[in-house]
Every structure is written in C-alpha cells, then in structure tokens.
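The structure is shown first.

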Amino acid sequence: MSVENLLYQGLIGLTNGMYLWLVAAGLTIAFGVLKILNFAHGSLYMVGAYLGFSMYGEFGLGFWSSLALATLTVGLLGLVLERTLFRPLYKLDITYGLILTFGLALIFSDLVRILWGGVFLIPPTPAALVGSFEILGRAFSYYNAFVIAAGLLVGAGLWFLLDHTWWGRTVRATASDREMSGVLGINAGWIYASVFALAAAVASLAGALSIPVRVVTPGLGTTIIIQAFIITVIGGLGSLRGAFLGALIVGLANAYGVLLFPNIELFLIYGIMALVLLVKPEGLLGERQ
Amino acid sequence: MNVFPRAGRATVLAIAAAFFLVTAACQPPEGSDVPEDVAEGEDGTADEGSGDGACEIAGIDSIQIGGLGALSGAHADYGAQMEMGAEMAADEINEQGGMLGCEVEIRFMDSELDPEVAIGNARNLVGEWGAEFLVGVDSSGVALALAPVMDELDRVLVVTHAATEKLNEEEIYANDHRNVFRMSVPVYQDAVVAALIVAEMPEITRIANIGADYEYGRTAWAMFQETLSQYRDDVEFVAEAWAPFLTSDFSPHVSSVMAEEPDMVFSTPWAGEAVALIRQAQQSGAFQELEMWWQAMGASVDVLEAVTPDVQADAFEGKLWATGRYIFNWPETDTNREWVEAFQERYDRLPNYSAQTTYTAVNALHDAVEAAGSVDPADVGAELEGMIIDAPAGEFTLRAEDHQAVYPVPAGRVVYDDDWGIACVCADLQVFDTEEYYRDPPFEE
C-alpha cells in the first residue's frame, strides 16, 4: 500500500467526516444549551435531504437555492419544535426529552414515508460539480471537495458565531447559568429557540448536501444519528471541538477500516468508543463535571 | 474551547441509553409496520371475484397468501414490487373465479431484511392472519432462516427473490425442507453468468470486489472466483471491500479497491445501495479507469430508473454491465409483452423482477391448488414439484429435486433505450443455456 493511497483514503474519510461533523455539531450544541439529547436530530438531517431533493430534483430550483431553502426551512421547523414541544421539558428530568424526541424520530420517519413514499430518491449531480480532479495521482470528485470545504466553512462560522459575537456570548452565558443570565436581562427563551433553530439548520444542510451522492430514504435519520451519538461520546458531549474531532475520527476510522481492516471495519468505531469510555468517560475534549 | 457545560458521568450514561434506544429503533418489534392490507385496498380486491360463498374448501371463505418483502429503506422498492405482482395475480385469479372458488387475499409485511423480524412476521401471517401460503423474501439470510420454520408452520413458502444457492442446494435438497420453493434465479445468475462473460474478455485480468457484506454478496463473490478460475488462469482477484446493509457512503470501498488498479469491479450491493455506490464510483472517476463494472442486480427497475439520467449523459462510458432475475425486455414473447403492458397500465411503472417472480408464484400456487383440490401443503407441494410454468420470464420447469425454477435471464450493458424511455439492459445481451450455468442436483463437485 503506497503512501499516496493511504493519504487518498484519508481524504475520503475526511469527506464522510464532514457530513458527520455537521450532524454532530447540532447535536452537541442543542445538548450543551437546552440539555435536550435530541434523538430526532437525525430526522432533521433526513427532512433536509427530502426537502432538498424536492426543491432541486422535483421543482427544478437550482442546487444552491435548494440547499439554502432546505436549511432555512428546517431551521424554522427547529424553532417551532423548540417553542412548542421542548419548552415545557426544561424543568423536567433529561429522560422526558429522550422519550419525546424518540417519538418524534419515529413520527418523522413515517411522515416522510407518507409524503415521499418508501422508494429511495436521488437527483442528478449539480452540473457545476460534475467531474473530478487529480490529487495524489488519483481522481477526486469535485463534489467531495465541495463537501469538505462546506464542512470546514460551517465549522469556522459556528466558532465565530459562538466565540466572537454578542449572540454567542449570551448563548454561553445562558448555557452556564440560566437564572443568572435572566437576571442580567437575557431572554433565555429566545436564546434557546435560536440555538435549536441553528442546530436543526446545520443538520438539514448536511442532509441536503448528501442528496446527489447518497440515496434519500425514510430510514436515513436513524443511521446517521447512531454515528452522531458515537461521535459525541468520543469527542465529549457539549464540546464543539470534541464533535469536530470525533467526526474526523469516525470518518477516518470508517475509511481506513474498509481499506486496512476489512473484516473488523464495523467494530472499529465501536471499539474506539468503548476505549474512550474506559479511559476518558467524559470524551476526548469533554471536561469532567 | 468548551463552550458548554461539561458532560458528567450521568450524561454519558444517558447517551449510552439513548444510543441503545436508537439502535433498537432500527429494528422495530416483530409485526410492526404492517402495510396496508391489499385485500382492503382501494382497488377493491376483497369485493371482487368469487367471495360469494362458493369456496370449495370447508371452513374458510378465502385463501390468504402472506407476503414477506423489504418495504423500508433503500431496498423498499423490492417489497413494493413484490406486492404489486402478487396483487395483480390475485385480482386476475379472483376475476376468473378464485382458487377452487375461494377468493384470494394478499397481505404483505416488512421483513426488514432481518431473519428475526421475518420469522416473527411469518408466524404472525400464518398464526394470526391465517395465511395458507407465503411468498416473497428478499434476503438470503432470511430465506435460510425461514426454511426450517416452514416445516414447523406447515405451510408452503415460494421464495421470489433471495438468491443464495444454499437455499436450493442445502436447505431444500440436502436438508429436505420440502415446503420451500424458489421462483427466481439463484446466485448462479449473479456469479456464474458474470464469469462466463468475463471468460471471453481477455482485456480483463485484474478484478476487484465490492460486496454486499452478508450471505448473498459473500456467496456470489466466492462462486464468481471459483467459476472464472476454471476458464482463465491469467486473472487476479486484487481487492475486496465489504459493505453491510444500511451503508450510505461507499466512497471508502470504491477508493480502497481502485487503489489496486483493477480492470473490473464485481459488485453486489443492490437496490438504492447499488445506485449510491455506482453514483459515488462514477463521481470519483472509477469508470474512466475500468473496462467493466458488473452490477449483479443492476437490472432491477428501481436502479434503472435512478441511473437513467447518468446513462443518458454517458457517465458510465458504456461500461456498466448488469443482469437481474428477469428483465422486462426479454424474452420477446407475446406473454411477456402483454404482461409488461398490463403491468405498466396498472401501475404506471415497469415491472421489476421481484414483481414478475411474485406474480408467477401466486399463479403457480393457483394452478397447484386447483390441481390438488386442496390447500394442504403436502398436496400443493406435490403439484408444484416439476410443474411446467408459463410465465412472463418464459416457459420453465420448477425442478422437482430442489424446487428451483430453472430459466435463463440475459446479462448485458446498460444503455438508454428510446422505445422504453429508460436505461435498460438492452445492449450486448448475452443469454446462456441454463445447462451451462445452473448447478444440478445432487450438487457434487
């Protein structure tokens, strides 16, 4: 196995890692602020994929407009979910949120089946991203390169938003002490709503990004949420950097697993998760309470 | 930066619990997700036919046929097409007076490609609903698990898709689970036909596998290698990558086998997974480097519908080869043409092979029940053994020894066809005699 091929496989793992990162980012942010462990987060990815498909593949909107619209729509859906269903849960035990979002995941799965049917869907690759370029002596698709760039850009955007804006400071303040931030005049309710809308929008973006490459099916949300949970366990729940690191680890482990350990490839990420739980149960970048 | 409050041990435990719940959600409990009962569907099946008390079998009003198909996820169209084929056959039978005067009812349940779920559903369909016969089954693993269960349930099962040769060679022939029949071509089609074609393509010497990581994919790759090695000693099997059910990202698989610079990829993921796989392979430039991509079940209609725009744009450079367990454009007989037209008229889609095989299975059950004069599994089974069947796929025998339908299906290149208005296996069609590629009882090396 040449070094070029090893590095190339890393690029493939990085691409997958970007989808996972976008989903895990929202999951970790929503938990960090709302204390909601959102089972239905994968469903938001799935709804983003279906909306993206309809807008781009059926209604003929451009790919870029479809990406933006699907992201905004699911962001709004997140806002509505937070204001109506999650709001009463904040004073209750975390398990209530688990049960609610678990139910939501099942409802979303059946809803898309009713609205879009059970058969998988896939639109054409957007014309601007058809084809490949040479890297490390092999062809790498423009689309994958675009996904990597999009993932990194969203990551930079999230860090900027949370670290360098007034909104980000109020989010962090609210996350660490809701009552105190209320005393300081912060409207925690709307902070919560905006955080969840953002988390939903980012998951939806990942879903919409995936449509020209992966098929859209009703079970989509469940598959991705499992990986997102693994990522947050590995990286540390509530840690955005942890989610990024975890997504890279899982993405790369998948890719190198297929290449180097084809017989234990599935076990690999579970093995890594188990190891992290044994050695650092709060996650690689999580902090002990 | 750790923007948010830290996760403690309790949270980690909560995540672990959440994780297991989500995993469990992947496999809903037995008997869940029962699709609409076709007999009560809007086509009014239950009201048609001979449901007027003329049923000649004492103690029942109708003959129920239970179906087990993949009705969810990327493989869902297979189950849907099975249901369409079964529904069409049942309506035709009912219009002709039913089976022994009894109305035929169909009910499908989602096997979820999981042996435990499928066995639960089989028990449910027989025990709760009162199914006299079962048809369907997509997954090889499910078919193997069901074979002994059919003895216990004492019902005939006609498999209409699952392909492992272990079903007819071992479970039916060697282990004597005589209640099981198969109306669809086994993995001989996927593997031996591929080997016979590649045997005549000297430009192909390096072959890689992207396999479905379960019984079907494993047995297909093994049989392909074994067969091709009998014809060629200059081929090398250079790489393997395995993808389990529910894989959505195949790019690591494509990348890892393409690193070995193969001339051909032998590929067995199917349905939506096949579409994602070849789209990802195409995007990464694999078709420019290969001579041939063999997508074993690429001739299924769901796959052909999905790849049509890419085929029209020549994205696969004419190198995509496929076969199926029946293709709608072959054989060119009146029976087939008329059936395809009737199917299109009814459903506004072309029939997939799972529709054809299930349609044929329900009709064969009708003929066997009429000939036996009963629904007793032993009597009906005896009629099915060695039955000559005239189906859209051609006229063939349901081989008595291993209960296997023996009929050929072509393989060829996937091209766009103006007349059909869809990508199809319509170029370089190669049809082999069944003697050339079916293994025969007693299945000794």
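## Salt bridge across the interface

A salt bridge here is a side-chain nitrogen of Lys or Arg within 4 Å of a carboxyl oxygen of Asp or Glu. The model is predicted. By that rule, one salt bridge is found across the interface of chain B and chain A. The partners are D249(B) and R214(A), whose closest N and O atoms are 3.8 Å apart.

## Extent and make-up of the interface

Chain A contributes 71 residues to the contact, and chain B contributes 55 residues. About 5200 Å² is buried between chain B and chain A, with carbon and sulfur atoms giving 66% of that area. Eight residue pairs are in polar contact between the chains, counting pairs with both residues at pLDDT 80 or more.

On the side of chain B that touches chain A, the elements giving two or more residues are the helices α1 (9–26), α2 (76–95), α8 (251–258), α9 (272–283) and α11 (301–312), along with the strand β7 (236–243). The largest share of this side comes from α1(B), with 12 residues. By class, the residues on this side of chain B are 29 nonpolar, 16 polar and 10 charged.

## The largest cavity

How many cavities of 30 Å³ or more does a search of the whole structure find? The search finds four. The largest has a volume of about 110 Å³. Its lining holds 16 residues, and those nearest the centre are N144(A) and V213(A) from chain A, with D249(B), S251(B) and Q280(B) from chain B.

At least two lining residues each come from α1 (3–34) of chain A and from α8 and α9 of chain B. The element that gives the most is α1(A), with five residues. The lining of the largest cavity divides into nine polar, five nonpolar and two charged residues.

## The second largest cavity

The second largest cavity has a volume of about 80 Å³. Its lining residues are in chain B: D138(B), S139(B), S140(B), H161(B), A162(B), A163(B), Y214(B), Y216(B), F245(B), W270(B), M297(B) and R325(B). In this lining, seven residues are nonpolar, three are polar and two are charged.

Key:
Residues numbered from 1 in each chain as written. Chains lettered and ligands numbered in written order. Predicted model: local features only at pLDDT ≥ 70, side-chain atom pairs only at ≥ 80, totals over all residues. Heavy atoms only, no water. Contact = heavy atoms within 4.5 Å. Buried area = accessible area lost by both parts, 1.4 Å probe. Polar contact = N/O pair within 3.5 Å; in protein donor to acceptor, adjacent residues only side chain to side chain. Helix = DSSP H or I, 4+ residues; strand = E, 2+ residues; numbered from the N terminus. Nonpolar A, V, L, I, M, F, W, Y, C, P; charged D, E, K, R; others polar. 1 Å grid on protein atoms, 1.4 Å probe; cavity = no way out; pocket = protein on both sides within 12 Å on 5 of 7 lines; lining within 4 Å. Points joined across faces, edges and corners; volume = space filled by probe spheres on them.
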